Amino acid sequence: MELRVLGACPLDCPDTCSWEVTVRDGQAVGLRGNRDHPFTRGALCVKVNRYLEHTRAADRILHPMKRVGPKGSGRFERISWDEALRTIADRLTGIVAEHGGEAIWPYQGTGTLGFIQGEGGLAGRRFWNVLGASQHDLNICSRAGNLGVTYVNGTPGGMDPETFALSKLILLWGTNTLTSGHHMWKFVQDAKANGAHVVAIDPIRTRTADQADEHLPIRPGTDGALALGLLNVVLEEGAEDREYLENHTLGWDEFKAEIQKYPPSRVAEITGLPEADIRALGVRLAHTRPTGIRATMGIQRHEGGGAAMRAIACIPGVTGDWRHPGGGVSYSTSAHFPLRVDPRDDLLEKPVRTLTMTRLADGLDESVKCLWVYAANPLGSTSDQNRVREAMLREDLFTVVMEQFPTDTVDYADIVLPATMQTEHMDLHAGYGHMYVMWNEPAVEAPGECVSTTETFRRLARHMGLTEPSLYDSDLELAEQLLSGTPGITLERLRKEGWARLAVDDPFVPFTDGFPTPSGRLEFVSERAEADGLPRVAGYVPSLSARTASATKLTLITPASHTFLNTIFSNNPELLRRSKGPRVMINPADAEARGLTDGQLVRVFNDNGEFSAYAEISDRVKPGVAAAPKGHWPKLSPGGSNPNSVVDERDADMGRGAVYHDNLVDIAPAPKGSRPGDPSQRPVSER
Ligand SMILES: Nc1nc2c(c(=O)[nH]1)N[C@H]1C(S)=C(S)[C@@H](COP(=O)(O)OP(=O)(O)OC[C@H]3O[C@@H](n4cnc5c(=O)[nH]c(N)nc54)[C@H](O)[C@@H]3O)O[C@H]1N2
Ligand SMILES: Nc1nc2c(c(=O)[nH]1)N[C@H]1C(S)=C(S)[C@@H](COP(=O)(O)OP(=O)(O)OC[C@H]3O[C@@H](n4cnc5c(=O)[nH]c(N)nc54)[C@H](O)[C@@H]3O)O[C@H]1N2
Ligand code: SF4
Ligand SMILES: [Mo]
């Protein structure tokens, strides 16, 4: 018998695609995008087209394991679930008794964005609250930008990406749409068919920039200055929307004074863009309504990244673009979802400390006795890899990793618990690039002894004799709780139809009833920002690379890879092959100055460490900029490290965001005799 089961892609991608699994005799035999979904419209992506293959990969972890070699060696022995849970229960009980619950760091990542199993919500958090564990601030991805936009609009939520079809000018600003969430592209194409002009603003000529009408190769970390420069031209043109400024914004006089400090000539110097191009785009912006700006996470992985998003968010306040469908700024839609997440912080006996995801190397000190990693691969994804590795070697640190695959992080675990994948568990999702609540119905039985996150915590609670009833809520009960705040979207309907649009107008025009800020207006000046120690007026804050003029150092950008999703799929042989291995793109002028040839293995280094990659000499990057995609597993890379070994563990200006695109490096030929990592050395789980 053949069944079609509706589900959703769980990965940390704005599109949260609707998918359809074909199940025959209990086996998943096909996976494809759901043609009925208004945003997905049938296509998945180059990565997730291989998801089923990935669920059956030879290196999938299928059983609980305990470490039998030194930490980091990846040598494990299969154990029973009962032994795993007993060992963990004993260790956690002992740690809580001796050091208190705060000695536990529940380090949850973005492996799945589900509200039941993953980043979005509930899995584990009630359990950790009962134990009094430290809280975990999951700020690795988008926090600085979220805050930057929120100071202005009161929420990070903005345009519905579908409304870009109605824009007449589209700025794709620090976002690589065709790689990092390509479903929005159809709406960009619709706009183009209606005569829209599309501009990509990116230090790299990405595949998105190739498809745009115009590409502005901006100097990294200077976007705030460009935003002010464009508005300077809007003022010169007398095109500011005075009625909107007067009735819907706060602090115009102060912001206007800030804008006047940035004439195009000065902005040209700061950004490295020709003054004529800045002026021309400013004139377009002045006279094209609606202008839609898509600015996503790339911009804010910088020291001044929060401020840059804040300045960009001010643009529609001046142009009045929020009046029009297709006008405004789109960063993320997640804030539009009224899902009711209750991690039950009331279960905490006393307030506990918060440990910060972007600060693993600093935070993993002697005070942490248990590191519990789930849906995360910190050894591939967090900053300052060498220091993280060192911290994870500590003998008295008890490390548990719940995983699907034998990542670098798994190699440091004391106990490994086998995790289910999306076709095997139940979940509920939002999108951060669309407006649909998504349901994922399990399609098949889990292989081996894989267990979902929620069920793992229920089993563990039972082993520890915990009596708090909400620890035992079933996945369906959790789903009901989440949906209790979404009018019109019942669980029954969602399970049947697979997705449901939020109860908002179509086209959706946000802020028609005002802004959820303290003043109810769009805030060019923000008392909240001031209280947080930030400039009162939105403006330009240069990034490290922008304020440190250096003839010898290059700014390294480490953007989304086309073939991986963070570090997921990087062990898939075909996607690894298509990635062409770890690469670093460098401008011909910079390559020549360093004696590098195309395809050569090179070292990229600074004081933090180094990684090896194949040089790709190309004018797609500006002089002074190098680009190495994120996501390669260190142990599958030449030299055993990836770009995060040179990334500083340093805060962005807001929310302690990471600075993945704001590091200074140099590049030199790799020493003779170095060779690519040998995948046969890779530890494989016992099966
Ligand atoms: N294929 C694929 N898709 C993904 C991911 C993936 O790993 N692979 N990751 C997912 C995740 S977790 C996220 S958060 C999103 C992120 O997706 P994006 O928001 O697109 O983020 P990045 O890829 O980090 O950066 C986007 C672009 O910003 C540019 N950029 C860097 N610094 C600057 C700057 O200072 N100014 C300007 N104007 N541009 C700059 C980079 O060159 C890059 O082309 O994508 C998701 N989608
Ligand atoms: N250099 C550089 N580094 C970056 C970035 C960058 O731009 N440049 N981007 C950053 C960004 S935006 C992000 S979001 C972070 C992501 O960093 P992390 O949150 O650490 O995510 P991943 O590296 O994708 O690792 C997720 C792991 O979870 C596992 N997993 C997936 N689903 C499940 C599940 O249901 N249960 C369990 N137990 N495990 C699961 C996967 O197998 C995978 O190994 O990386 C950051 N790192
Ligand atoms: S990674 Fe993004 S584009 Fe690919 S299937 Fe998942 S949600 Fe869709
Ligand atoms: Mo992310």
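This is a predicted model: local features need pLDDT of at least 70, side-chain atom pairs count only at pLDDT 80 or more; totals for chains, interfaces and linings use all residues.
**View 1. Helix H12 and its buried face.** Let us start with helix H12, which covers residues 275-287 and has 13 residues. From its first C-alpha to its last it reaches 19 Å, close to the 18 Å expected at 1.5 Å a residue. Look here for Ile278, Leu281, Gly282, Leu285 and Ala286, the buried residues of H12. Viewed down the helix axis, these buried residues fall within an arc of 145°, so they line one face of H12. As a reminder, an α-helix has 3.6 residues a turn, so residues three or four places apart point the same way.

**View 2. The salt bridge of Asp414 and Arg67.** The structure holds 55 salt bridges, and here is one of them: the side chains of Asp414 and Arg67 meet at 2.8 Å, N to O. Asp414 sits in the loop between strand S16 (398-403) and strand S17 (415-418), while Arg67 belongs to strand S4 (residues 65-67), so the pair ties together parts that are 347 residues apart in sequence. Asp414 counts as buried, with 14% relative accessibility.

**View 3. The salt bridge of Arg359 and Asp651.** In this pair, the closest N and O atoms are 3.0 Å apart. You will find Arg359 in the loop between strand S14 (354-356) and helix H14 (360-363), and Asp651 in the loop between strand S26 (625-627) and strand S27 (663-669); the pair therefore ties together parts that are 292 residues apart in sequence. Arg359 has a relative accessibility of 14% and counts as buried, whereas Asp651, at 24%, counts as partly exposed.

**View 4. A network of salt bridges that includes Arg359 and Asp651.** Stay with these two residues and bring in their partners in the network. Salt bridges link Arg359 and Asp651 in a network with Asp362, Asp384, Arg387, Glu649 and Arg656.

View 5. Arg578 counts as partly exposed, at 40% relative accessibility.

Terms used. Residues are numbered from 1 along each chain as its sequence is written. Chains are lettered from A and ligands numbered from 1 in the order in which they are written. Side-chain values use heavy atoms; hydrogens and water are left out. Helices (H or I, at least four residues) and strands (E, at least two) are DSSP runs, numbered from the N terminus. The expected span of a helix is 1.5 Å times one less than its number of residues. Buried means under 20% relative accessible area, exposed over 50%, partly exposed in between (1.4 Å probe, protein chains only). The arc is that of the directions from the helix axis to the C-beta atoms. A salt bridge is a side-chain nitrogen of Lys or Arg within 4 Å of a carboxyl oxygen of Asp or Glu.
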